[in-house]
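Subject: Structure handover

Hello,

Here is the structure for you to pick up. Please open it alongside this note.

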Amino acid sequence: MSAARLPKYTVPSLTVETGAKVAEILQQRLDALNDLQLTLKHIHWNVVGPHFIAVHEMIDPQVDAVREMVDTIAERIATLGVAPQGTPGAIVANRTWDDYSLGRASTIAHLGALDTVYQGVISDHRAAATATEELDDVTNDILIGHLQELELFHWFVRAHLESAGGSLSTTDADGESESAKLAEKDARGTA
């Protein structure tokens, strides 16, 4: 971060350079979690089919929990002396992933796509936790706590995609659209 963009202060025991670096890592997580909570709500509104109510009701607590994560991350960025960016424009400008592509679709298609979404969010969150491990214990602890919840939600999703033998219908998928197609194909028994 350039000297002009360094915060005027940060938390005790961190340099402003370290505070700025941690805030930059957190901003990426803020963008991803903001996108995730919007995607989850989109799925909540657009699932259809025989398992509609189960999936519809499973998603709302995930939305609420991710919104809490967003608030925690934004407040940590501010605590580090940096202004968190939570606008839609910031999310779009900073994201390194494609927008969620499914509209109204079957519950199993959305869950297949969501499997891929969670894989990306969790992998990037884990990388951020690793990157902050030596920089800031508090931030690292926050990210690890989030990982525990995100992995639990991912398990909830995957339970719908798993066979009795433990195979996932989305295992060999390359991206969210292919995950959705493989999940639907498996649900029809044509895998």
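Below is what was found in it, from the overall fold down to single residues.

**Ground rules**

This is a predicted model, in which local features need pLDDT of at least 70, side-chain atom pairs count only at pLDDT 80 or more, and totals for chains, interfaces and linings use all residues. Residues are numbered from 1 along each chain as its sequence is written, and side-chain values use heavy atoms, with hydrogens and water left out.

**Overall fold**

The protein chain has six helices and two strands. These are DSSP runs numbered from the N terminus: helices are H or I with at least four residues, strands are E with at least two. Along the sequence the pattern reads α-β-α-α-β-α-α-α. The C-alpha trace spans about 60 × 30 × 25 Å along its principal axes.

Of the 191 residues in the chain, 46% are buried. Buried means under 20% relative accessible area, exposed means over 50%, and partly exposed is in between (1.4 Å probe, protein chains only). Contact means heavy atoms within 4.5 Å. Among contacts between residues at least 6 apart in sequence, 74% join residues at least 24 apart.

**Helix packing**

Two packed helices are described by the angle between their axes and the distance between the axes. Here the axes are lines fitted to C-alpha atoms, for helices over the stretch in contact, and angles run from 0 to 180 degrees between N-to-C directions. Angles under 35 degrees count as roughly parallel, over 145 as roughly antiparallel, 65 to 115 as roughly perpendicular and the rest as oblique. A crossing is left-handed if the near helix is turned anticlockwise from the far one by less than a right angle, and right-handed if clockwise. For residue classes, Ala, Val, Leu, Ile, Met, Phe, Trp, Tyr, Cys and Pro count as nonpolar, Asp, Glu, Lys and Arg as charged, and the others, Gly among them, as polar.

*Helix 1 and helix 2.* The axes of helix 1 (residues 16-46) and helix 2 (residues 52-79) come within 9 Å and cross at roughly 160°. That makes helix 1 roughly antiparallel to helix 2. The crossing is left-handed. This contact has 15 nonpolar, six polar and five charged residues.

*Helix 2 and helix 4.* These pack at about 30°, with axes 10 Å apart. Helix 2 and helix 4 are therefore roughly parallel. Their crossing is left-handed. Helix 2 brings F52, V55, M58, I59 and Q62, while helix 4 brings T107, L111, L114 and Y118. By class, that is seven nonpolar, two polar and no charged residues.

*Helix 1 and helix 5.* The angle is about 20° and the axes are 12 Å apart. This makes helix 1 roughly parallel to helix 5. The crossing is again left-handed. V22, L26, R29, L33 and L36 of helix 1 meet T139, L143, H146 and L150 of helix 5. The classes are six nonpolar, two polar and one charged.

**The core**

In soluble globular proteins, nonpolar side chains tend to be buried together. A nonpolar core is a set of buried Ala, Val, Leu, Ile, Met, Phe, Trp, Tyr and Cys residues joined through side-chain atoms within 4.5 Å. The largest one has 49 residues, of which L33, L36, Y118 and L150 touch the most other members. Helix 1, helix 2, helix 4 (107-132), helix 5 (137-159) and helix 6 (176-187) each supply at least two of its residues. Beyond its neighbours within four places in sequence, Y118 is in contact with L36, L40, Q62, L150, F153, H154 and V157.

**Residues to look at**

- H125 is in helix 4. At 0% relative accessibility, H125 counts as buried. Leaving aside neighbours within four places, H125 is in contact with R29, L33, L143, H146, L147 and L150.
- M58 lies in helix 2 and, at 16% relative accessibility, counts as buried. Its contacts beyond four places in sequence are L111, F156, V157 and H160.
- A131 is in helix 4 and, at 37% relative accessibility, counts as partly exposed.
- S13 sits in the segment before helix 1. Most residues other than glycine have a negative phi. S13 is not a glycine, yet has a positive phi of about 85°. At 79% relative accessibility, S13 counts as exposed.

Best wishes
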